[in-house]
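Have the 3D view ready and follow along, one spot at a time.

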Amino acid sequence: MPPPSTHDLLAHAGFVRSLANRLIRDRQRAEDVAQDALVAALERPPERRDRLRAWLRAVTRNLAFKAGRSEQRRRNREHEVARPESHSLDPDPILRERIAQAVLELDAPSRTVVLLRYFDGHSAPEIAARLGETHGAVRSRLRRALDVLRGRLDREYGDRRAWIAPAATLFGGVRIGLAVAAVACVGLVAWMWPRDESDVVRGGLRFNSERTAMSSKKRDDLDARAAPEGAAKRKTETALRVIDRDLDLHGVVIDPAGRPVVGAQVRALFHPWRRVNAHPDGEQFAEVPGPHERTGEDGRFALRLRRGDVVTLRIRAAGFAPRSLPQRQAGERVRVRLETGVRLRVRVEGAPSGTTVALIAADRAMRQIRYRRERPTTDDGACVFEQLAGGEEVRLHVAVPGTMPHIVPVRYVSLPETGETECRLEVPPLTVGTGRVIDAATNQPIAGATLGPVHAGKAVRTDVAGRFKLRGKPGGSFVVRAPRYGSARARLGDDVEVKLHRGFTLRGRVVSAAGAPVPGAQAMVMVFGSGFVWDFLGARTGADGRFEIGNLGRRPFALTLLVMARGHGRTLIDLNPAGTGDLELGDVRLHSGHALTGRVLDESGRPAARVRVDLRGSNDDRGRRGAKRPRHSFGNHESRHTDDLGRFRFDDLAPGSYELRSEGGESREITVPRAGSIDLRMLEATAFVVSVRESGGGPAHAEPVLFETADTREVRRTGDDGVATMRSRRRVRAVRIDGVRHAFPQDSRVLEITLRPRALVAGRVIDTRGKPVAFSFTAAGRQQRTAKDGRFRVVVAPGDVVTFVPPVAWEGTRRGIVAGTTGIVWRVRKLPRDRNLRVRVTTPFGEPVPGVVVTAMNSKPTGTDGDVSWTGLPRGPLALKFRLPHDHPRAASFFPPRSVALAADTEDIAVRLLLGRLVSGRAPGATLVELREHGQWRRSVEPAADGRFRILVPPGDDWTLHASDGAAITIKE
């Protein structure tokens, strides 16, 4: 009888889950057991289909038994190695902390006897002797303290069972009365005790959270036995090390073997601008040092922060790679594992020695920067980075001396866990751009203007005639600034003319809700223009609360002012730069800051640690000055990661409407300050299984499968059985295999796919001298790349005829290769680079158009005469691409052509822009209207408040308008 198919397994999936839930009372672990049983059936199916149900029952029971045994062993190991404070964890940390707080709220005499009795382990007679009181007085005080605890907790929770059970969990679930519950409560003091009371002598005793609860008489006996003969008996005292779970960022530093690292330097770093998705020029990496200390003999540390502080934790120790943990908050417990480090060797080609290579360990959005390093290259163009954290992804870029920094596109490198690796960076050909900077109104030269990259230090200054020379990548973008002028962007080219418009200065005074000046507040202007963020300019308020931000341009910009100060709500104000002269805001009144707290819980109700929580929104009155709000999220987006107890906190929020969303979980619309503590639930993770078969029926081994959800794309490879599995909290919409997209069924979590028949085309690429050639080429409509030895492998469908097309700089197209052909020798020839090309761009009426960006091998803007030229291009077919910048004065009238194909011998060409026409309409409720041609985006416009819009469209009828609300319309001539 044939083995069961996937459809047979789906028929029994409900039975397997039901059985797993009955055997295991944990929903998440039961789901894991059920999924493992189904996967086992796919990997090693039973021989008889009619015995499938019984086989699944036996497998599920065995897996459940193993899971329970593994969980019990884990608990035993944790119990054996746990510190005394570790036993204070319970399923509800908020309730646990409230119980401990009730103990701390007792009066000093009552709190003293409770601590001596239940925390330090002294008997009532011993306490009486130490305090100089009678035995009866101590017992009476202790009884009254327990009565006060019971009354407070009963009144707050209504039912004693609501707070007695969490206290009991501290002692392994033993049935306890009120007195033993008090022991549990007092045991929590180690988490909550304030730092300024940590080493206070009370009644002649120095409390120590690390000691076991034994009587002083027994400890004295042990000390006497351990002391040398004749030595005087003495009592050892150690300083109290207690943790406040709201204020102390604490944890332990260990080495790769799990041993504590002694003397490691632990420092907290504040990043003022990183809490919002915006930063002024040069402030992206700004760090403010915070508290620091060295780890003790047990590798532990504790840094006292303020409630709600979010810092980067940096750990350094001799012989280990430094670690940086971003977005760690006050009250969080961390476990830092140091590694011996990874060595990265970088070789830079095409740049002189002394070129600076910058390495940044951060996420791709640059919101969580772990560390940054820079190294100059030696004479052989190499530099070495040592003691890097293994397993991380770092980004590299190059700054060549005498040029604009960051001229090389960002290169991401994935570091191995151990050992060393190397990578190569190739600097593109550099050119010297020339031009001049003039006043837009008078055409007079501007001396002393600074030119540099968008978000980095300035490179050069203009001379007295306003002229400059700037070395960098052809067509590279740079920013021009000058005192009393607004900034402008330009692209590197020959004789570029940059016009600066007269700017203005923004002044104001930041005051609190009570009218008092707020010194040290952060004020920043975000400049929006032509559909993107143009610039960030920032300042801090003085002692009188005043600030001044200069060099702001008026048109075509929109301005948004962001003001932040600790204890005050983060405030955004949209400004209208119309008019003349400087802009005086007067008093900018900040709202009182509000805090939003909560937890993220997994599908089983347990706190979820290190889950990103995003908050979007701003103050309700940000448009009080009548300006239109930009559609970008800069300044109104903030993120946090939950701590080890699943908690998160957003401080200094102004009254407004916000959206709170957890990664992989639910979202909430909230209103500050009415929102209280919020619990966000994670969505349940589900296993999606894809079974891939070859066209012949066998399993497809190591086949990459791309899983697509609503917000992620992840690749999994099939195993020996042809099965790829992905666990996701979001439903998998589709998978892509071999370039084909397969929709995932709505009512199923298992998908079977049979690959189409495939054939292999393989060979080797060599040049005219017989040497292997490695480059990218096009075959069967897809981009391919040869290996270093020139070999290639292309998988196509049987019967296909493949054509190989080399890059522009090479010649040797191969046509008519039938699928299944191997052993191909593809001989190519490098084209001579002696071609000169001149392109002239004009309007439909023959007028030259400067500033049009033309791309051949690289990008260059046209000059004042509408011309742009290249030298040293390869002699081969070439495709020119054109782009008209959004801020170009002709952008409201003309469209450039998509591309123009040139023959190998073309050296002079004239190109005319297309005359566009304005189309007006209404899109009620839409925030954006996009123009698309052949399904590709061309430009967009924001409708007015009444929904009316005007947009420039090119000639022809193959384009559509798409509104953000989903509406679309095709416009004919």
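Let's start with threonine 505, which you'll find in strand 24. Keep in mind that this is a predicted model. Threonine 505 has a relative accessibility of 15%, so it falls under the 20% cut-off and counts as buried. What does threonine 505 touch, once residues up to four places away in sequence are set aside? The list is Glu548, Ile549, Gly550, Asp582 and Leu583.

Strand 24 (504–511) also gives two or more residues to the largest nonpolar core. That core has 22 residues, and the ones touching the most other members are Leu506, Val525, Phe547, Leu552 and Leu561. Besides strand 24, the elements that contribute two or more residues include strand 25 (522–529), strand 27 (546–552) and strand 28 (557–564). Zoom in on leucine 561: leaving out neighbours within four places in sequence, its contacts include Leu506, Val525 and Phe547, along with Ile573 and Leu585. Apart from this core lies another one, of 21 residues, with Leu359, Cys383, Leu388 and Leu425 among them. As a general point, nonpolar side chains in soluble globular proteins tend to be buried together.

Three strands make an open sheet in the order 20-17-23, with mixed pairing. Strand 20 (467–472) and strand 23 (496–500) are the edge strands, and each has a single partner, so one side of each has no neighbour in the sheet. On average, neighbouring strands here are turned by 35° against each other, direction ignored. Strand 17 (residues 431–439) and strand 20 run antiparallel and are joined by six bridges. If you look along that pair, you'll see valine 432 opposite arginine 471 of strand 20.

Strand 35 (residues 656–662) pairs with strand 36 (residues 667–672), antiparallel and over six bridges. Arginine 661 faces serine 667 in strand 36. Four residues sit between the two strands of this hairpin, and glycine 664 takes a positive phi near 70°.

Next come the charges. Side chains of opposite charge can pair when their charged atoms come close. How many salt bridges does the model have? The count comes to 45. One of them joins arginine 372 and glutamate 374, at 2.8 Å from N to O. Arginine 372 is partly exposed, at 33% relative accessible area, and glutamate 374 is partly exposed too, at 42%.

Another salt bridge pairs arginine 599 with aspartate 679, with the closest N and O atoms 3.3 Å apart. Arginine 599 belongs to strand 31 (residues 594–601) and aspartate 679 to strand 37 (residues 678–681), so the pair ties together parts that are 80 residues apart in sequence. Arginine 599 is buried, at 11% relative accessibility, whereas aspartate 679 is partly exposed, at 30%.

Arginine 875 and aspartate 834 form a salt bridge as well, with their closest N and O atoms 3.1 Å apart. This pair links distant parts of the chain, 41 residues apart, with both partners in loops between strands.

Finally, there's a network of salt bridges linking Asp246, Arg307, Asp643 and Arg647. Arg307 turns up again among the contacts of arginine 649, together with Gly308, Gln329 and others. Arginine 649 itself is in strand 34 (residues 647–653), and its side chain makes a polar contact of 2.9 Å with that of aspartate 651.

How values were computed:
Residues are numbered from 1 along each chain as its sequence is written. Side-chain values use heavy atoms; hydrogens and water are left out. Two strands pair if DSSP finds at least two bridges between them. Axes are lines fitted to C-alpha atoms, for helices over the stretch in contact, and angles run from 0 to 180 degrees between N-to-C directions. A polar contact is a pair of N or O atoms within 3.5 Å; within protein, one must be able to donate a hydrogen and the other to accept it, and residues adjacent in sequence count only if both atoms are side-chain atoms. Contact means heavy atoms within 4.5 Å. A nonpolar core is a set of buried Ala, Val, Leu, Ile, Met, Phe, Trp, Tyr and Cys residues joined through side-chain atoms within 4.5 Å. Buried means under 20% relative accessible area, exposed over 50%, partly exposed in between (1.4 Å probe, protein chains only). A salt bridge is a side-chain nitrogen of Lys or Arg within 4 Å of a carboxyl oxygen of Asp or Glu.
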